[in-house]
Amino acid sequence: MHSKYVILWLLIIVVLGFPCAFPNSYWITVLIYAGIYGLIVVGYDLLLGYCGQISLGHNGLFAVGAYSAAIATTWFGWPSLPSIAGGVLTTCLIAFVVGMPTLKLRGYYLAIATMGFGFIVEAIIRTEYFGGSSGISAIPPLSILGFEFDTDLRYYYLVWTIVFVSVLVCLRIGETALGRSMKAVHTDEEAAACMGVNVSKTKIQAFVFSASLAALAGSLYAHYATVISPNSFNIMLSVKLLLMLYLGGAGNIYGCLIGALILFAFPEVLGNLERLELALEGLAFMLILIFLPDGLVGGLKRLVRLK
Amino acid sequence: MTDYLLRARAISKYFGGLKALSNVDFNVEKGSIFSIIGPNGAGKTTLFNLISGFDRNYEGEIIFNNEEISHCQPHMISMKGLARTFQNVRLFKNLTALENVKLGCHGWISPKYGRAIFGLNASRREERIMESFAKSMLAYVGLEGKENSEVESLALGEQKLLEIGRALASKPKLLLLDEPGAGLNDREMDDLQTIIFKTKEKNITQIIVEHNMKLIMSISNQIMVLNFGTKIAEGDPKSIVSNEKVIDVYLGRNKEFA
């Protein structure tokens, strides 16, 4: 690996080493959630950071993944692995169908269209058929081939292993032809088309791949939280994804994990200022975009001149 | 029977009420250099946009390598062996010089994405092939050593050469160059001329839109003159520069073309 991934390796060491140093910490739960949402943002960075397609509907994809896993295990008694696989497949199929017409749009229009998709999903999961406002509860713990992930420690390592594997996969994509096509589409769709890049296919591939990670995150969320309800999947989630992405830095795939860690750690350290959480997050967003548009990782890289 | 690589028939294009191109007809012989000249706004770049599939809304037929490509998608046309550069350089600023050129290889190598992710040997081999070919293309256009340069750090002349390298990386049969000489100094113009001749030796047909008459005169086999979207003259360089209509409309009377 090149030295330009120093920050990533440090992150891996710190995150995977943390429970060894502090095995009973309350922070483990916090970091599990940070990892789950971090997984969504990794896929989101591929879509937005590499390919330049903005989606405000990833809350919907996350919801489909979570509800699919929940329904498969609680209504139909499926074991975990098939439920997760089914959830990811369903979400990818929906992403494909939604992506075909929507990805012909650009910029604000694409953002609003995907936001519309998110609203549709939210409305559907609010219906009585899916448990209404109470959602689905009593989701069994995750169990893979007999091994139960019923302790925080086990779940922590499961989630973060999946996260880091996803990061490595996305980085690998970035170094190959598909990644180059995505980045070209990001900068100049029309010139990319003239170079032989199938622009629609590239965008759909990025969208479906990022949907698969969102769905996987959704399944992990469902099995960890054991109760899922529509309030966890509204537009605010998509806003938080954007914040995590830009906090860490769009386009480098692992920066968003730092964004996720900060965003989840933040409310815990606020204490009395909890009611100001949203306002402070909004302020952080504005300051980052004005002073550090390539995020903390981008800023760090420039500081150390790693690039 | 002349072997024409590109045949354009009755090409017409309207932007609302404005007639950008009107009934343009021409044939480009395989292996030749065909130049298109004319005043600004004559429709030269529009014609390139139609041929390359950039703009698919027009009347008429375009036949490339005996296959009709009218109204085809640009990436399909590119995969059939047609490459182009742009009047305002359109490089990918978020990729390095080498990555820009590697992108040109997609047309003929058809990388397998699934294999790429899992780093299997076949995909690594593909990447190595693209890498070495792209490096040779950069050397071909005289940009050896600039592989990892950011696009924005290159001078305009170098960017134009990079764009040509990127177009050549797709191993085209036909290369469209849109004002490759614009903004170049004399030495850069010489380098460009050398590249155009080298490319001709590789039997790659070229269509060039250009204002620099010195370059046009030295490289062209055939010249077509457009004015207000219509073809007003076509012929070899000598006959074009002595054509009264062309002199009136474009060349002017006080010029000498060697």
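How are H3(A) and H10(A) oriented to each other? I started the notebook with this question and went on to the other contacts of H3(A).

**Entry 1: H3(A) and H10(A).** The model is predicted, and I read its angles with that in mind. I looked up H3(A) against helix H10 (residues 235-248) of chain A and found an angle of about 115°, with the axes 7 Å apart. Angles of 65 to 115 degrees count as roughly perpendicular, so H3(A) and H10(A) are roughly perpendicular to each other. Their crossing is right-handed. On the H3(A) side I listed His58(A), Asn59(A) and Phe62(A), which meet Ile235(A), Leu237(A), Ser238(A) and Leu241(A) of H10(A). By class I noted 4 nonpolar and 3 polar residues in this contact, and no charged ones.

**Entry 2: H3(A) and H9(A).** Next I took helix H3 (residues 58-74) of chain A with helix H9 (residues 199-225) of chain A; they pack at an angle of about 50°, and their axes are 7 Å apart. H3(A) and H9(A) are therefore oblique to each other. The crossing of H3(A) and H9(A) is right-handed. From H3(A), the residues in the contact include His58(A), Leu61(A), Phe62(A), Gly65(A) and Ala69(A). From H9(A), they include Ala211(A), Ala214(A), Gly218(A), Tyr221(A) and His223(A). I sorted the contact into 14 nonpolar and 5 polar residues, with no charged ones.

**Entry 3: chain A against chain B.** How many residues of chain A are in contact with chain B? I found 22 residues of chain A in contact with 28 residues of chain B. On the chain A side, the elements giving two or more residues are helix H6 (152-175), helix H7 (177-187) and helix H8 (189-194). H7(A) gives the most, with 8 residues. I noted the make-up of this side of chain A as 11 nonpolar, 6 polar and 5 charged residues.

**Entry 4: H1(B).** Is helix H1 of chain B largely enclosed or open? I found 7 of the 8 residues of H1(B) (residues 44-51) buried, so the helix is largely enclosed by the rest of the structure. The buried residues are Lys44(B), Thr46(B), Leu47(B), Phe48(B), Asn49(B), Leu50(B) and Ile51(B). After H1(B) comes Gly53(B), whose phi is positive, near 85°.

**Entry 5: confidence.** I looked up the scores last. Chain B averages a pLDDT of 90, and 93% of its residues score at least 70. The predictor gives the complex an ipTM of 0.88 and a pTM of 0.91. Where pLDDT is low, the predicted coordinates should not be read in detail.

Terms used
Residues numbered from 1 in each chain as written. Chains lettered and ligands numbered in written order. Predicted model: local features only at pLDDT ≥ 70, side-chain atom pairs only at ≥ 80, totals over all residues. Contact = placed C-beta atoms within 7 Å. Helix = DSSP H or I, 4+ residues; strand = E, 2+ residues; numbered from the N terminus. Nonpolar A, V, L, I, M, F, W, Y, C, P; charged D, E, K, R; others polar. Buried ≥ 20, exposed ≤ 12 C-beta atoms within 10 Å, placed from the backbone. pLDDT = per-residue confidence, 0-100. Axes fitted to C-alpha atoms, helices over the stretch in contact; angles between N-to-C directions. Parallel < 35°, antiparallel > 145°, perpendicular 65-115°, else oblique. Left-handed = near helix turned anticlockwise from the far one by under 90°.
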